[in-house]
Amino acid sequence: MSNTQIPTEQWAQVLEKRGGNIVYKKIAVPKPGPDEVLVNIKYSGVCHTDLHAIKGDWPLDTKIPLVGGHEGAGIVVARGELVKDVQIGDYAGIKWLNSSCMNCTYCRTSDEPLCPQPDLSGYTVDGSFQQYAIGKAQHVARIPKDCDLEAISPVLCAGLTVYKGLKESGARPGEYVAIVGAGGGLGSMAVQYGRAMGLHVIAIDGGAEKEQVTKSLGATAYVDFLSSKNLVEDVKKATPDGYGPQAVLLLAVSEKPFQQAAEYVRSKGTIVCVGLPANAFLKASVFDTVTRMINIKGSYVGNRQDTAEAIEFFRRGLIKAPYKVVGLSELQGVFDLMEQNKIAGRYVVDTSR
């Protein structure tokens, strides 16, 4: 059902061969099924996961050909006959979790990201690097009309993921959290969510530009892993009593930070793994983990309620993701910069160009 003229073709970035470059080309506009909506994507954030999908270096098969992207913000232009709670003209977001079975024990207990039969946007189903994308009505993000679609797109994955990670850490207002990879796309959001949640943020990253970014977003302290002679001690010194932060949020895309975190987290503190470096492993002393009562856990994407909460922080003006906008046609250049670790903040693609 639609009141809008929908074209039959659209521009999209398509991965035709795993490990190759994406191709900017015209493809057919999909039609929503009975329980789905068609979203006219206006903007889409670019995530490091999209690069993993292109390279095929995760232990998870991608569909080929593939339209990547899972931070798509746009306007609902069509819906299936079973959809009642999403209206034509509503703002909506295409998230990483495109759909889940809604019937397993995980889905029934609000842990739908753990569903064993998920559809993942931009990985197992086509995502938001196209002008029109399909989403299951139960799972699309509901975006208030007073939100800017360009600015909110990074919240749909980066914001939601780090907000969930901070919740999982159990850190309380007034406590300290170290955010590793704080100057990147996820990190720049995590610094702001941490501050909005009343936490003191110790930003860990490399280089002067990322120090400027994280400090401007509200980080209490910055530790530069490129210049630090003793990162563990520098992180501990950033806390008032020198015992280290109560929580660590690992957003890094390399393995070493996952090996270091247990050395500087506070006793009885919590390490939350969020970043997914390819073929990486955790390492921590069993003796220290036991005697210092260290908690090490993973955090995946948030559920539908987490999504609503993350968006509400944005709507209230507490989250302002630093981002740069380029045309969808320029997406390959963004991936090239990402591989060179030359991105501070987030890139957003405009699907109209």
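Predicted model: local features only at pLDDT ≥ 70, side-chain atom pairs only at ≥ 80, totals over all residues.
**View 1. A cis peptide bond and two positive phi values.** I64 and P65 are joined by a cis peptide bond, with omega of about -5°. Helices (H or I, at least four residues) and strands (E, at least two) are DSSP runs numbered from the N terminus. K268, which is not a glycine, has a positive phi of about 70°, and its place is the loop between α8 (256-264) and β15 (270-273). M293 also has a positive phi, near 55°, and is found in the loop between α9 (286-291) and β16. For context, most residues other than glycine have a negative phi, and most peptide bonds are trans. K268 is exposed because its relative accessible area is 58%, while M293, at 49%, counts as partly exposed (buried means under 20% relative accessible area, exposed over 50%, partly exposed in between, with a 1.4 Å probe and protein chains only).

View 2. A search of the whole structure finds three cavities of 30 Å³ or more. On a 1 Å grid over the protein atoms alone, a cavity is a set of points where a 1.4 Å probe fits but cannot get out, a pocket is an open set with protein on both sides within 12 Å along at least five of seven lines, and lining residues have an atom within 4 Å of a point. Grid points are joined across faces, edges and corners, and a volume is the space filled by probe spheres set on the points. The largest cavity holds about 90 Å³ of space. It is lined by 13 residues, of which I22, I54, G68, F129 and F335 are the closest to its centre. Helix α1 (48-55) gives the most to this lining, with three residues. By class, the lining of the largest cavity has eight nonpolar, four polar and one charged residues (Ala, Val, Leu, Ile, Met, Phe, Trp, Tyr, Cys and Pro count as nonpolar, Asp, Glu, Lys and Arg as charged, and the others, Gly among them, as polar).

**View 3. The second largest pocket.** About 320 Å³ of space lies in this pocket. Of its 14 lining residues, W58, P59, L276, P277 and N279 are the closest to the centre. The lining of the second largest pocket divides into 11 nonpolar, two polar and one charged residues.

**View 4. Salt bridges.** A salt bridge here is a side-chain nitrogen of Lys or Arg within 4 Å of a carboxyl oxygen of Asp or Glu, and by this rule the count comes to 19. K25 pairs with E16, with the closest N and O atoms 2.8 Å apart. K25 is partly exposed at 29% relative accessibility, and so is E16 at 41%. R315 and E312 form another salt bridge, again with 2.8 Å between the closest N and O atoms. Both R315 and E312 lie in helix α10 (residues 304-315), three residues apart, about one turn of the helix.

**View 5. A salt bridge between separate segments.** The side chains of R353 and E330 meet at 3.9 Å, N to O. R353 lies in the segment after β18 (346-350) and E330 in the loop between β17 (323-327) and α11 (331-339), so the pair ties together parts that are 23 residues apart in sequence. Elsewhere, salt bridges that share partners join K164, K167, E168, K297, D306 and E309 into one network.

View 6. S299 lies in the loop between β16 (295-298) and α10, and counts as buried at 9% relative accessibility. The C-alpha atoms of S299 and E168 are separated by 6.9 Å, although the two are 131 residues apart along the chain. V76 is found in strand β5 (residues 72-79) and is buried, with a relative accessible area of 1%.

Conventions: Residues numbered from 1 in each chain as written. Heavy atoms only, no water.
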